[in-house]
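Let's take a friendly walk through this model together.

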Amino acid sequence: MEKFLYKYRKEKILWNIALVYPEKYSTGMSSLGYLWVYHILQSISWVNCERAFYSDGDIKTIETGRRLNEFDAIFFSISFENDIVNIVSILKKSGIEIFKRNRKGLPLICVGGIATTFLFNYLKYFSDFIFSGDAEIILPKFMELIKNKTNKEEINAIFEDVKYEGIYKSEGTNNYLPYYSAKDIEIPHSTIISKEAEFENTALISVSKGCLYQCKFCFVSRVYGEYEPFDFNEIIKTAQKFNGLTDRIGLIAATLSNHPDFEKIVDELNKIGFKVSFSAFRVEGLTESFLNKIIENENKTLVIAPETASLKLKKFIGKNIPDELIFDKLKIACEFGIKRIKLYFIIGFPNEEEEDIEAIIDFIRKTREIARINSGRSVIITFDPHPRKVIDGVNSPKMLMTLDEKIEMIEKLGMKPKFIQGHRVTDKETLDVVEMVLGGLVNQDIVTLINKHGGKAVGLTGKDGNFIHAKKMLVPSKEKAEELLDIGQVGEITSIDPEIIQHLDARDFIPVVAPLGTDAEGNAYNINADVAAGKIAGVLQAEKVIFMTNTPGVLDKSGRLITGLTARQIDDLFADGTISGGMLPKIASALEAARSGVNSVHIIDGRVDHCLLLEILTDAGVGTMIRSH
Ligand code: SF4
């Protein structure tokens, strides 16, 4: 159920705009930026703005249930890099050509939101216009400029020779768009209260802009400019508008406790009859008095972001909060009754070394001890990989951890692997970490390396755009012939929808796929990477698929490398037991790819320098080539 704060007066509608949040409804309806843009557009009397969100089914607007291709313009609001994949999927589902160069008329595709400041070089392929700045100023300006225009040529002509701050035609190359920050803006606040939002029935109110701190990796302080706390009276006046609509106010800021009137604001809101939720604090500002207010307002979770745990990286990123201070504050918080602690860490900073990962693991262990000793509740851990380029002037990591090293890291987090008949059991908790490692760390490392060497890589998992469909894999029991064993969230592929890969490929992007899939109910599964690669190659009818491994290739019975194999020879090697152990899934996938029409399949020794070039371009080769015939 939704409750609206404002009624909007309308005249003759000149522009119908679908405002899309490329994530599910509950997430979008908890985004203050998204709700505020809705309000800004709806406040224009000749604009009809309707909301839409990403979903597995058809994408239709909430207000009238219309498809997006029925609108004059589609505005996307993006907060995170990953949202781009959903934008592609939404356009496709809506029957709209994804690439700008192939679209002729309306709808106009525009993208705004904090993530546009550093995503220009990706967004420019999909969008006609990109906004970077405060929507209060940019959107009314943009709409006024295009008010009486009815086609794209006329609209483009307006921006041919004149530049408008914060409005960018999506052409050329731009690594970083300046953010157009306005002064003396109205306090952004929710305009719709929803029971189904992540922050259920909560009115969100921004209490400040920017951040007092200047942590080097974080673009909050860079993008928004100087820290600006909003006026106490204005905040209270804004909150009073919600009387009768909700009894919970969520205060939003980069660091709430920096507001000079923070305690006064909470006291006043409590006096009016509101309970208050809080976004984020700098841990130094967590006084006993603040903690009391957090608890009195029925908040159970404390969110803090140490980002990293080693002194070296703390200094490097410019957020050097001593561990002892954080632990002291956490102890006090648990004594006050905080039930859950959520920590945010970033992995992948330049110059990160193994000892830095170890420091995070130690930090988490200590936090767990503190939380258990004092409140008996467990700790939630969220790893948040972040583009390295945000730290100016430093581009390359010294260390690239291998998958094995990162898996070892998972085990150090305390989740010892269980095995059933030699298969590793993946429980729900482990799958979360697998997603983090495969979808986040490893994927981003590979993407970064490819991009560093001039490629255009995009990281995605089989869950993105729902392109790898899977079902739970059941393993026949060795003891009871008819029994099938459940090994948890391990999946087998049922089908692959290659469109997202084809679209990226058509624009010369290099998709880097983490092998995760989902079933019809949305359950996620970990899938063998060789199997996923083989199936994707087969569906794409690829010319080649190459499996890199840490052995020389397929060996015969006397241990000599077999440089070439046909599908029939492989069947023989399976039958006589020459191929066994870890090579089995690799060869089975290679064989399936070859039989599905992939012209040649290579299994090569990834430890050899230039192995790819040697295998493909020379006669010598460094592994085994498999052909379908
Ligand atoms: S990391 Fe937090 S404290 Fe540092 S600049 Fe960003 S928002 Fe401010």
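**A guided walk through the model**

Gln 541 is partly exposed, with a relative accessible area of 48%; on this scale, buried means under 20% relative accessible area, exposed means over 50%, and partly exposed lies in between, using a 1.4 Å probe and protein chains only. Gln 541 sits in the loop between α17 (529-540) and β25 (544-549), and has a positive phi of about 55° although it is not a glycine. Helices here are DSSP runs of H or I with at least four residues, strands are runs of E with at least two, and both are numbered from the N terminus.

Before going further, a word on where the values come from. This is a predicted model, in which local features need pLDDT of at least 70 and side-chain atom pairs count only at pLDDT 80 or more, while totals for chains, interfaces and linings use all residues. Residues are numbered from 1 along each chain as its sequence is written, and side-chain values use heavy atoms, with hydrogens and water left out.

Now zoom out to the whole protein. It has 20 helices and 28 strands, and buried residues make up 50% of its 629 residues. Contact means heavy atoms within 4.5 Å. Of the contacts in the protein with a separation of 6 or more, 71% are between residues 24 or more positions apart.

Back to the backbone. Asn 201 also has a positive phi, about 50°, although it is not a glycine. You will find Asn 201 in the loop between β8 (192-194) and β9 (202-206), and it counts as partly exposed because its relative accessibility is 25%. Another spot to look at is the cis peptide bond joining Leu 106 and Pro 107, where omega is about 10°. Pro 107 belongs to the loop between α3 (83-93) and β5 (108-112).

Two buried residues come next. Leu 343 lies in strand β15 (residues 340-345), and its 0% relative accessibility is why it counts as buried. The C-alpha atom of Leu 343 is separated by 8.6 Å from that of Leu 302, 41 residues apart along the chain. Thr 238, in helix α8 (residues 232-240), is buried as well, with a relative accessible area of 6%. Setting aside neighbours within four places in sequence, Thr 238 is in contact with Ile 187, His 189 and Ile 205.

How do the helices pack? In what follows, axes are lines fitted to C-alpha atoms, for helices over the stretch in contact, and angles run from 0 to 180 degrees between N-to-C directions. Helix α9 (residues 262-272) and helix α10 (residues 288-296) pack at about 25°, with axes 11 Å apart. That makes α9 roughly parallel to α10; angles under 35 degrees count as roughly parallel, over 145 as roughly antiparallel, 65 to 115 as roughly perpendicular and the rest as oblique. The crossing of α9 and α10 is left-handed, a term used if the near helix is turned anticlockwise from the far one by less than a right angle, with right-handed used if clockwise. Phe 262, Glu 263, Val 266 and Asp 267 of α9 meet Ser 289, Phe 290 and Lys 293 of α10. By class, this contact of α9 with α10 has 3 nonpolar, 1 polar and 3 charged residues. Here Ala, Val, Leu, Ile, Met, Phe, Trp, Tyr, Cys and Pro count as nonpolar, Asp, Glu, Lys and Arg as charged, and the others, Gly among them, as polar.

Helix α18 (residues 567-575) and helix α19 (residues 583-595) cross at roughly 155°, and their axes come within 10 Å. The pair is therefore roughly antiparallel, and the crossing of α18 and α19 is left-handed. On the α18 side, the contact is made by Ala 567, Ile 570, Asp 571 and Phe 574, and on the α19 side by Leu 584, Ile 587, Ala 588, Leu 591 and Arg 595. The residues of this contact of α18 with α19 divide into 7 nonpolar, no polar and 2 charged.

Finally, turn to the ligand. Around the ligand are Cys 211, Tyr 213, Cys 215, Phe 217, Cys 218, Ala 254, Thr 255, Arg 282, Glu 307 and Lys 319, where a residue is near a molecule if one of its heavy atoms lies within 4 Å of it. By class, this shell has 6 nonpolar, 1 polar and 3 charged residues.
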